[in-house]
Amino acid sequence: MRWLIGGAVALAGGMVARRLFGGAGRGSDHWQRGQARPRGPRWHVATVNRPASDVAPGGQFPEPLAGLGDAVEVQVRPAAGDRGTEIAVRLRDGARLPVAAARRATSRDPEQAIRAALRESKQLIETSEVLHPDYPPTTESTPLNKPLQMATRQGRREGRL
Amino acid sequence: MKALVWEGANELAVRQVPDPQIRNEQDAIVRVRRTVTCGSDLHLLGGYVPFMERGDVLGHEFLGDIVEVGPQVRNHKVGDRVVVCSFISCGKCWYCQQQQFSLCDNGNTNPMITENVWGSAPGGCYGYSHALGGFAGSHAEYIRVPYADQGAFTVPDAVSDERALFASDSAPTGWMGADLAGVKPGDVVAVWGAGAVGQMAARASVLLGADRVIVIDRLDNRLEMAQTHLGVETLNYEQQDIGAELLERSGGRGPDVCIEAVGMESHSGGPQLWYDQIKQQLRIESDRPVAAREAIYNCRKGGSVFVLGVFAGMVDKFPLGALMNKGLTLRGAQQHGQRYIPMLLERMARGELVTEHLATHTMPLDEAPRGYEMFKQKIDGCVRAVFQPTS
Ligand SMILES: NC(=O)c1ccc[n+]([C@@H]2O[C@H](COP(=O)([O-])OP(=O)(O)OC[C@H]3O[C@@H](n4cnc5c(N)ncnc54)[C@H](O)[C@@H]3O)[C@@H](O)[C@H]2O)c1
Ligand SMILES: [Zn+2]
Ligand SMILES: [Zn+2]
C-alpha cells in the first residue's frame, strides 16, 4: 500500500514538479502505462446533471468556462439516458489562453486551466458554488509532506478529466 | 480549539488548531458533542494510507449542535442537534440523485489523487486524508460541515446522543451492506467481523427479515455482544470450522449473502496471515483480504458478497475462479449514509435499532490517544471509544 500509493504521490508530485519547472508534455497525467499519448489537444468532457438550458442560460457559460475565451472550442450535447448535459472543451490548435484564465494554472500547461474551469463550472451549474477546502489549515509543512502538498495544490487541475 | 491530530504513523496528539470557518454558503459549523473511533481510522493511523499530513484532524462519525450556518442553509438553524453523515455529498449531482451519495462528483476538493489511483474519484469524507478532500475531522471542539442541508440530520428528541451517534457512519454502513447485497426474508446471512460495522450489518439483516444471521470473529466479548444485543448467532473462527459450520447452518447450501466487515488489516490464524503480512511488508501486496477470500469461498452458488471493509489498493490470491464459476455477485461501497440516516433515526426512536452498547469506553477528548490505543489493541473489551470534546 505505502509503496503503491506512495508511488502514486511521488508520481503526481514529480508530474507537478515537471509542470512547474517547464517541459510538461501533454497527456503526461496518464500515469497508467500502455496508454497512447494523443498528439494534438484532447477533448476534456464533463457531464452536468442539468438540462442544456441551465448550462449556458442566454448563451452564457459560467465564468470559469467563459473566461477561457476563444482559445477553446466548447461543445454542448445532451447526455444519453437522462444523465444531463455533456460539456466538451478543447484547446484550439496553437491558441493561448487569456492571461486571467492562464493564471488558474500553476504551470504553463493550458490543459490544467481547462480542467479546473470545467470542474468548477460543473459545480456552479449543479450546486451554485465551488466547494472550498477547509481554511485555515490545521497541518504543518514538513519535508515528508512536501510532495503530497504539491500534489494536492493541483487538486482540480490534474487528474484524468 | 482543541483537536486530536495525526502526527505520523501511530503517533497521535491532542493540541490547539485554528477554529474552522464557514467557507461556502451551504456550510454549517457544528460544536461536537460526541465523536467516535472507527475501524477506518486504524488504516490511517498505521500509515497504510499515505495521503495524511502532520496535523490532520481525525474523526468522521459524530454528532453535535449547529452553532453557525451559511446564508444558503435552509433546513437547519443554530441550536439544532444533528448527526452528520461521514461522507460529504452535494445532493445535486447525478450520483447523489441516484442515492449513491458516497460517489458524489462534487464533495471532494481534491479529485486528482483518487482519479489517478482508482480511475475516478468518490466524494469527500471528514478526517479521511487528502485523497478524500483533506477535510478536518470531528475529533475536535468544532467542525465545518459542507452541504449542511444534505449531510446533517436533526436528531429526534426521543433518541439519545449515545444512540444517535452511530447513525453517522457505522449504522448506515451496515444497513447499506445488507440492503445492497439484497438481503430478504428467508436468507441465511454470514457477516465477517463483529466490530460496530459488522454488528450493524447483522442487525440490519435481522430487520430486513433474514432467517438466520451468523456473525464471525475471534473476540469473544464482541461475539457475546452480538448475541445479546442483536439477536444473532455467532462463530469463533479460532475455535470452530467456519466452512463446515456455515454449511451445516444453511442446509448444505452456504449463506445466501456474505458481508465482509473487516477490511484491509484482516487477521487470520494460519499461514495465510504470514503470507499476506510478508507480501505487505515487501510491498508486493497492499491489503490483506483474508475475510474477503473466505466470504467468496463460502457463499452459496449464485449468492451475493458485499465488501464493507475498506481496501485501498491491490490484493493477492483473489478467488476470481470461485466468483466466476459460482456465479456470484460482488459489490462494495463507501457508505451512502444520506439514503438511510432518516430511516435509521426513526428505527432508533422506536427502539428497533440500539447502538449504545458499542460505546464501551467514553472519555474526554484529552484522552483520545489512549482511546485509540485501546481501540486498536482491543484492550479491555473496547469496541468503540467515544470522545466528548465539549462536555
Ligand atoms: N464502507 C464504509 O463506508 C465503511 C464505513 C465504516 C467502516 N468501514 C470499514 O469497516 C471495517 C470494520 O470497521 P469496524 O469499525 O467495525 O472495525 P473493527 O476494527 O472494530 O472491527 C473489525 C473486526 O474484524 C475482526 N476480524 C479481523 N480479521 C478477521 C477475519 N479474518 N475474520 C473475521 N473477523 C475478523 C476483528 O477481530 C474485529 O472485531 C473497517 O475496514 C472499516 O474501515 C467501512
Ligand atoms: Zn467509519
Ligand atoms: Zn453529489
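1. The model is a predicted one. Distant parts of the chain are linked by the pair Cys38(B) and Asp169(B), which are 131 residues apart. Cys38(B) sits in the loop between strand 3 (28-36) and helix 1 (39-45) of chain B, while Asp169(B) sits in the loop between helix 5 (161-164) and helix 6 (170-180) of chain B.

2. Two domain annotations for chain B come from UniProt, each from an unreviewed entry. The record lists "domain: Alcohol dehydrogenase-like N-terminal" for residues 25-149 of chain B. In the model this span is 17% helix and 26% strand, and its end C-alpha atoms lie 11 Å apart. The record places "domain: Alcohol dehydrogenase-like C-terminal" at residues 196-265 of chain B. That span is 43% helix and 20% strand, with 16 Å between its end C-alpha atoms.

3. The packing of helix 6 of chain B against helix 7 of chain B deserves attention. Their axes are 7 Å apart and meet at an angle of about 50°. Helix 6 of chain B and helix 7 of chain B are therefore oblique to each other, and their crossing is right-handed. Helix 6 of chain B contributes Ser170(B), Ala171(B), Thr173(B), Gly174(B), Trp175(B) and Ala178(B) to the contact. From helix 7 of chain B come Ala196(B), Val197(B), Met200(B), Ala201(B), Ala204(B), Ser205(B) and Leu207(B). By class, the residues of this contact are nine nonpolar, four polar and no charged.

4. Helix 7 (residues 196-207) of chain B also packs with helix 8 (residues 220-230) of chain B, at an angle of about 30° and with the axes 11 Å apart. Because angles under 35 degrees count as roughly parallel, helix 7 of chain B is described as roughly parallel to helix 8 of chain B. The crossing of helix 7 of chain B and helix 8 of chain B is right-handed. On the helix 7 side, the contact involves Gln199(B), Ala202(B), Arg203(B) and Val206(B); on the helix 8 side, it involves Arg222(B), Met225(B) and Leu230(B). The contact of helix 7 of chain B with helix 8 of chain B comprises four nonpolar, one polar and two charged residues.

5. Gly79(B) belongs to the loop between strand 5 (61-69) and strand 6 (81-84) of chain B. When neighbours within four places in sequence are set aside, Gly79(B) is in contact with Asp65(B) and Ile66(B). Between the C-alpha atoms of Gly79(B) and Ile113(B) the separation is 37 Å, with the two residues 34 residues apart along the chain.

6. Two points of backbone geometry remain, one in each of the chains named here. Tyr135(A) and Pro136(A) are joined by a cis peptide bond, with omega about -5°. Pro136(A) occupies the loop between helix 5 (110-127) and helix 6 (146-152) of chain A. In chain B, Ser129(B) is not a glycine, yet has a positive phi of about 80°. Ser129(B) is placed in the loop between strand 8 (124-125) and strand 9 (142-145) of chain B.

Note on methods: Residues numbered from 1 in each chain as written. Chains lettered and ligands numbered in written order. Predicted model: local features only at pLDDT ≥ 70, side-chain atom pairs only at ≥ 80, totals over all residues. Heavy atoms only, no water. Axes fitted to C-alpha atoms, helices over the stretch in contact; angles between N-to-C directions. Helix = DSSP H or I, 4+ residues; strand = E, 2+ residues; numbered from the N terminus. Parallel < 35°, antiparallel > 145°, perpendicular 65-115°, else oblique. Left-handed = near helix turned anticlockwise from the far one by under 90°. Contact = heavy atoms within 4.5 Å. Nonpolar A, V, L, I, M, F, W, Y, C, P; charged D, E, K, R; others polar. UniProt positions renumbered as here; feature names shortened; annotations may be inferred.
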